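Colleague: I would like to learn how to read a protein model. Can you take me through some features, one by one?

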Amino acid sequence: MKKYVKFRHRFFFAIARPIVRILAHKFHFKTKPLKLEKGQNYLIMSNHQSFWDPAFLALTIKHPIYFVTSDALHSQKWYLRLLFYCFGPIPKRKGFADSSCIRTMCQIAKEGGNVAVFPEGNRLWNDSMFYIDRAVVKLVRLIKLPLVLYNIQGGYGVLPRWGKSKRKGKHVGAIREIVSWEEICAMTDDELYEKILSGLKVVDSYSGEMYKSNERAEYLERLLFVCPKCGAQSTLHSHGNDISCEQCGLTVTYGEDLHLTSPDPQFHLDRLVDWYEFQQQYVRDYDLNSGDILLSDDNVTLYDKTVEQRVLVAQGKLTLTKDTLSVGDWQVATSEIFGGSTQDSEKMSFNVGTRSYIAIGTERFNAIKYLLFFNRVCTQIAEKGGDKYYGLYLDPKQR
């Protein structure tokens, strides 16, 4: 078997570290480098708040780290190929069980490398931790390394996924706990799962920290699509620190403390996760009729990204009904869709059979609403009780 851990990875990590320090300064990130036990490698798990989390985590641990990354980074583009050459991230295809990814992780562990994974699999959308699958326990036992539980705090406040501008505020990273292999072996699966959940949970809106910006609410309609006052859909528009409904006039301010306020006495939501849960209930209660248009957006481009070089499929209006999803002249039955996710902020990926697609909308495109409705109209998702990541399922322990 060809060796995965290479000397060049150590060399390029050392070269990149000063550059990452400059990046960390730009995003107000602070951490204290930690020298781990000499000759010992680790499985590192972290919560996931922003795109730059892998770089920031690498500042804390002064050894090469092999990160599990999404297939969204796979491309013919020269700079992404260079990234893989220099640092050797571990590719994983979203929405599919990927045995090759696990084999690579085990190989790196045996070769003495540090493996890092973000168990949520996605960056935060609403300041509430994504669902973490219980299979993470099996992964820990397969890798057979001490477990580092790492926390990034303030990343959602400084760089919210739905936003475009950074905010000024406290942003830190630190190792929360190191669990030895002997401790792991002594735990039951339930105990280990609870240890991981509690060790990774971070909620910035509970911190009391302030995040300053004049564009705090800008692009919130990438996350929010239902007015909690009048119930209108896709009528929300953000500007500066406020988001407003163009139908009933409700105006809500997103505060520096990451809480919501409004002069309207009918508004009673406190945090973005509360608004998200309201939208979940809205979708649960929605009266579905075959043929009715549930959602639609103009100017959407659809690509097939099953292979490394994505292929243009269609362009035009994206429309979802109870029975079909279509873009322009392209159409698929909702019964054939078995998984969906978001990429970046204005892209939606979904799986049909063995094919993977990505729909790219305008800069204020809301992919979340489609993923929520998939839980009602896509039978392969609904039969499982709903998608646990974006959907109608919400584990109170991870809220």
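Modeller: Start with burial. Buried means under 20% relative accessible area, exposed means over 50%, and partly exposed lies in between (1.4 Å probe, protein chains only). This is a predicted model, so local features need pLDDT of at least 70, side-chain atom pairs count only at pLDDT 80 or more, and totals for chains, interfaces and linings use all residues. Residues are numbered from 1 along each chain as its sequence is written, and side-chain values use heavy atoms, with hydrogens and water left out.

Colleague: Is Arg216 buried or exposed?

Modeller: Arg216 has 9% relative accessibility, so it counts as buried. Glu256 has 26%, so it counts as partly exposed.

Colleague: What joins the side chains of Arg216 and Glu256?

Modeller: A salt bridge, at 3.9 Å from N to O. The term means a side-chain nitrogen of Lys or Arg within 4 Å of a carboxyl oxygen of Asp or Glu. Arg216 sits in the loop between H8 and strand E8 (236–239), and Glu256 in the loop between strand E10 (251–254) and strand E11 (260–261), so the pair ties together parts 40 residues apart in sequence. As for the labels, helices (H or I, at least four residues) and strands (E, at least two) are DSSP runs, numbered from the N terminus. Lys212 joins in too: Lys212, Arg216 and Glu256 are linked in a network of salt bridges.

Colleague: How many salt bridges does the structure hold?

Modeller: It holds 14. Arg364 and Glu218 form one of them, with their closest N and O atoms 2.8 Å apart. Arg364 lies in the loop between strand E18 (355–360) and helix H10 (368–377), and Glu218 in the loop between H8 and E8, so this pair ties together parts 146 residues apart in sequence. Glu218 is buried, at 11% relative accessible area. Arg364 is partly exposed, at 24%.

Colleague: Where do Lys317 and Asp298 lie?

Modeller: Their side chains also meet in a salt bridge (3.8 Å, N to O). Lys317 is in strand E13 (residues 311–321) and Asp298 in strand E12 (residues 293–304), so the pair ties together parts 19 residues apart in sequence. Lys317 is partly exposed at 42% relative accessibility. Asp298 is partly exposed at 47%.

Colleague: Now helix packing. How is it described?

Modeller: Two packed helices are described by the angle between their axes and the distance between the axes. Axes are lines fitted to C-alpha atoms, for helices over the stretch in contact, and angles run from 0 to 180 degrees between N-to-C directions. Here, H5 (residues 135–143) and H8 (residues 189–200) pack at about 100°, with axes 9 Å apart. H5 is therefore roughly perpendicular to H8. The cut-offs: under 35 degrees is roughly parallel, over 145 roughly antiparallel, 65 to 115 roughly perpendicular, and the rest oblique.

Colleague: Which residues make the contact?

Modeller: From H5 come Val136, Val137, Val140 and Arg141; from H8 come Asp189, Leu192, Tyr193 and Ile196. Contact means heavy atoms within 4.5 Å.

Colleague: What about disulfides?

Modeller: A disulfide is a covalent bond between the sulfur atoms of two cysteines. The cut-off is a pair of cysteine sulfur atoms within 2.5 Å. This structure holds zero disulfides. For Cys185, the nearest cysteine sulfur, that of Cys106, is 14 Å away.

Colleague: How many residues of H10 are buried?

Modeller: Nine of its 10, so H10 is largely enclosed by the rest of the structure. Among them are Ile368, Tyr370 and Phe373.
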